[in-house]
Amino acid sequence: MPDKSKKGQAHQIEGGGASRLKTLGSKVWYFFNSLKLTLTVLISLAVMSVLGTVVEQNQPIASYAAKYGAAWTKLIVYMRVYDMYHSWWFLLLLVMLTLNIVVCTFERFPPKWKSLLNHKKDKFDPKLIDRLSNGRTFIVEATAVSVRQRVQEVFKKKGYKVMTFDEAGGYGVYAWKGIIGRFGSDFTHISLLLILIGSMLGTAYGYKGYKDLNVGSVMDSPSGDYKLRLDKFWIDYYDSGQIRQYNSVLTVIEDGKEVLTKQIWVNEPLYYKGTRFYQSNYGAAWDKIEQAYLALYRKGADKSEKPFTVKWGESAAVPGTRYSVKLTGYAADFYYDEKTRAMGSISADPNNPVVLVEVWEGKKPVSSSLLFQKYPGIFPAIPGSNYDLAFVNYRPTLFSGLSINNDPGTNVVWAGSIVMGLGFVFAFFVYHRRVWVFVAASGEGEWDVKLGGMINKNQLIFDRELKDIAGFISTGKFRS
Amino acid sequence: MKMIMSLMFFTFSFSFYFVAAFFYLGFWVFKKKWLGQCATALAYITLLSTTMVLVSRAAESGHAPFSNLYESMVLFVWAINLGYLVMEYRHKFKVIGAFVMTIEFVAMLSASLLPYKFKSAEPLNPALQSKWNWLVDLLRHAGLEKYAIGWLDFHVFTTFVGYAAFAISFGLSIMYMLKDRSERRGAQGAFVAAVPDAYTLDELGYRAIAWGFPFLSVGIVSGAVWANYAWGTYWSWDPKETWSLVTWLIYAAYLHARVTRGWRGRRAAILSLIGFIAVIFLYWGVSFVLPGLHAYA
Ligand code: HEM
C-alpha cells in the first residue's frame, strides 16, 4: 500500500489546489493507518498516565512549588500536568487513538471481511496442503464409502462445516469453523469508539452537582421540573460502634404530587428521569437544631431541675413556673461582630453552640437571651427573677449531602463495554480453523489422504486436533 | 471474630503447597511417573483446601472474602493454582508445577506473615457494601440474603483472576528466556532440558495473556460500574484506576505487537515482563506508595 499512495501523490501534485488538499488528506490518512502509531500511542498513554499518578493531581499550585521548585512548577503549570488527564496533549493522544482506530477500521478490515465472506469460493488446491507446515499424508486401508463417511463424521463431531469437491482421481474436503473469531478484534475496536464517544458525551452534556439538604427541606432538581424532599436521614452502626451505612429517604415531588419515595444509601442512589442522587455526605446544620434540652435553676439551689425539651420554633412551658420559652435561634460556633453587632456562626462545627430563646410570662414577653452550652449563666435568661435557664444539650438537625449526577454518556459507555466483552470472547476464545483434506485412491482398498489446516491462533491445540482428525480418518475412532 | 476454620484450612493449604512443590521437583529430577501423579493430586487437594480458606473466611466474616490484603493474597494464590491446573490438564506439562507450587508456597508464607491489620476481617464500611438487589431478593426466599454479593465482589474477583493469568504468563516468559538462551547455545542443563520447548512456552505465555486481558478488562469495567454507584462517577483517575489502565494499555500493546507486528519470543517476553511489573505495582505499590481511594485491591 505505501507504494500505491506515493504514486498517487506524484500524479496529483500536478493537479493543483483541490488535489493538493487531497494529497494532504491521503498523507494524514496514511499516517493514521499505521500500526506503529498504535503501539506508540498506547505506550505514550501508559507512560503519561503513570506521570499523572506520580505528580499528584489538582493540588493548589503552591504545593507543587514547595515540592518541585519554581522551575519545575512553571513547566507543570504550562503543560497542565497538575490536571493532566484534561490537558490538551493528553486529549490529543486520545484523539489520535480514535483516528487510528477509525482509519484502521476503514482501511484494513474490509479486505479481511471480504475474504472471510468469500472463503467458500476459494479454489480447492490439493497442492496447498503440502505447503502447510502441519500438512501430512497417510495411507488408509478401508472401503471407499467408509473413508468418505469418516471424513464427514469427524468434522461433524468436531463442529466443523464442510464442503466437498469431487475432482479427477479423488475428492477434496474443505472444513471450517469459528469464523466469528476473526471479527472479535473489530468488535473490540468499535467498542472502544463507543466508550470514547460515551465519555465525550458525558464531558459535553453531563451535569455534576452537590447539595446539602436538611431533613424536611425541599430542593429543585437540576432541570427544574421536579422537586426532591429529604424525609429522613440516619446512620446505621455495627455493634462495635463502626458506621455501617448512611441512609436518606427521599421523595420526588412533581406538579405538587408525591410520585416516588425511596431510601438511598451509599451504593444505592435514587434514579429519576436521567438524574442520579447519591448519598455522599452528611452533617449537622450550623444554624438550626431539632430540639434543645433546657434546665431550670432556682437561685440558691445547688442543682438544676430535670431538663425539659423545647422544639425548634415552638414554645414549651417551663415546668414549675409561670414562664414559657420559645426557641428562635441557634449557632454552632458562636460569633459576634462588635462593630456591626451581627451574630452568627464562624464555622459549621459545634465548637461553641448557643441558642437564642424568648421567655414569656403568659402573653407577655419577658426577655430574649443567648444561652451558651459551654458557659452557663453568663447572661441571665430571665433578668430580675429568681430563675435562670441552662442550655444542657440539643439534638442536631442533620443534613444529608447529595451528589447529583446526570451523565447521558454512561449508557453508551456500558454498551461499549458489553460489545468489548463480546469482542474478547470472539477474539480470544473462538479460533478460526480451516482444514483441507484430499483423498485419492492409491491401490486396492487403499487411500492416500492428505490433510492440513490453518488456525489464526492457538497453534498448540490445533496440532493436537489435526492429529485427532487424522487418527479418526485412519481408524474410524478417536484415540482416547 | 473467630477464625478457626479458615486458619485451619490456611495451614493445610500452606503445608500442601510445600509438599506439592517437593513432589513436582522430585518428578522433574527423577522423572518417575508416580511422583508426577502424586504431585498433581496434591495440587488438586491444595486447590480444594484453598477454596475452603475462602469459603470459611466468607462464612466467618459474613461477606465475600476479598476485603483485605490477606484475603486478596489467598484469592491470588487460588486463581494461580486453578489456572495452572487448567494448563497442566490441557497441555500435559508437569515440570512447570515445580515453579508454580514454590511461588504459591512463598505467597502463602508472606500472606501469613502480614501484620494483623491487613488480616483481620473488619466489617465493611459503607462504600464497600455493594450488593445486587436482584440477588438479595432471590436469596431472601431461602433466608440467605446475607450472602448476596455485588459489583465490588465481582470486580475484585475478576481483577484477581486477571492478575493470576498475568502472573502465569510472567513465569512462562522467564522460562522462555532461559530456555531460549540455552536452546541457542545448544547446551542445555538437565533442568532446562526438561521444560517444554521455547516455541511452546512463548505460545502458552500468550494464551495466559489472552485470558488475563479480558479478565482485567471485565475487572476494570465492573469497578467502573461500582464506582458509578458508590461515588457517582464511573471514572475519576484515582491512582489505582489509572494504574489499572496503564497495565491494560501495556498488555494491549503486547497483543498488537504480537498479532499485527509479529513480535514473538524475546521481544514479546520482555513486554510481558514489563506488564507484570505494572501488575505488581498495581496490586501492592499503589496502595502503599500513592494516595487514593482504594484501600488494597
Ligand atoms: C486501546 C486500544 C486498543 C485495544 C484495547 C485493542 C484491542 C485489540 C484486540 C483485543 C485485538 C485482538 C488481539 C488478538 O487476537 O490477540 C486487536 C487486534 C488488532 N488491532 Fe487493536 N485494539 C486497540 C487499538 C487499535 C488501533 C488504534 C488499531 C489501529 C491500527 C488497532 C489495530 C488492530 C489490528 C490490525 C488487529 C489485528 C486484527 C485481526 O487480526 O483481526 N488496534 N486489537
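## Sheets, hairpins and helices in a predicted model

Just after helix H8 of chain B, Gly232(B) takes a positive phi of about 85°. Keep in mind that this is a predicted model.

**Helix H8 of chain B**

- H8(B) covers residues 198–230, and at 1.5 Å a residue its 33 residues should span 48 Å; the end C-alpha atoms sit 47 Å apart, which agrees.
- Is this helix enclosed or open to the outside? It's largely enclosed by the rest of the structure, because 27 of its 33 residues are buried.
- Asp202(B) is one of the residues found in H8(B).
- With a relative accessibility of 10%, Asp202(B) counts as buried, because the cut-off for that label is under 20%.
- What does Asp202(B) touch, once neighbours within four places in sequence are left aside? Its contacts are Tyr176(B), Arg258(B), Arg264(B), Gly265(B) and Ala268(B).

**The five-stranded sheet of chain A**

- Here 5 strands make an open antiparallel sheet, and the order is E1-E20-E19-E3-E2.
- At the edges you'll find E1 (136–141) and E2 (161–167) of chain A; each has a single partner strand, so one side of each is left without a neighbour in the sheet.
- From one strand to the next, the twist averages 20°.
- E1(A) runs antiparallel to E20 (residues 446–455) of chain A, and 6 bridges join the two.
- Within that pairing, Glu141(A) has Glu446(A) in E20(A) as its bridge partner.
- Helix H11 (residues 459–475) of chain A packs on the sheet, where it touches E1, E19 and E20 of chain A. The direction of H11(A) makes about 160° with that of E20(A).
- Helix H8 of chain A (residues 144–157) lies across E1, E2, E3 (170–177), E19 (433–443) and E20 of chain A. This helix runs at about 10° to E3(A).

**The four-stranded sheet of chain A**

- Another open sheet has 4 strands in the order E12-E13-E16-E17 of chain A, with antiparallel pairing.
- Its edge strands are E12 (315–317) and E17 (364–372) of chain A, and each pairs on one side only.
- The twist in this sheet averages 30° from one strand to the next.
- How many bridges join E16 (residues 354–361) of chain A to E17(A)? There are 8, and the two strands run antiparallel.
- Looking across to E17(A), Trp360(A) stands opposite Pro365(A), and Glu361(A) stands opposite Lys364(A).
- E16(A) and E17(A) form a hairpin with 2 residues between the strands, and Gly362(A) takes a positive phi near 60° there.

**E10 of chain A and its partners**

- Tyr272(A) has Thr275(A) in E10(A) as its bridge partner.
- E9(A) and E10(A) form a hairpin with 2 residues between them, and Lys273(A) in the turn has a positive phi of about 45°.
- E10(A) also pairs in the antiparallel sense with E18 (residues 387–406) of chain A, over 17 bridges. In that pairing, Tyr278(A) stands opposite Ser403(A) in E18(A).
- Then there's E11 (residues 308–311) of chain A, which runs antiparallel to E10(A) and is joined to it by 4 bridges. Here the bridge partner of Tyr293(A) is Thr309(A) in E11(A).

**Helices H6 and H9 of chain A**

- H6 (residues 109–117) and H9 (residues 184–205) of chain A pack at an angle of about 145°, and their axes are 11 Å apart.
- The crossing of H6(A) and H9(A) is left-handed.
- Which residues make the contact? From H6(A) they are Phe109(A), Lys112(A) and Trp113(A), and from H9(A) they are Ser185(A), Asp186(A) and His189(A).
- By type, the residues of this contact between H6(A) and H9(A) divide into 2 nonpolar, 2 polar and 2 charged.

Notes. Residues numbered from 1 in each chain as written. Chains lettered and ligands numbered in written order. Predicted model: local features only at pLDDT ≥ 70, side-chain atom pairs only at ≥ 80, totals over all residues. Heavy atoms only, no water. Pairing = 2+ DSSP bridges. Axes fitted to C-alpha atoms, helices over the stretch in contact; angles between N-to-C directions. Contact = heavy atoms within 4.5 Å. Left-handed = near helix turned anticlockwise from the far one by under 90°. Nonpolar A, V, L, I, M, F, W, Y, C, P; charged D, E, K, R; others polar. Expected span 1.5 Å × (residues − 1). Buried < 20%, exposed > 50% of the residue type's maximum accessible area, 1.4 Å probe, protein only.
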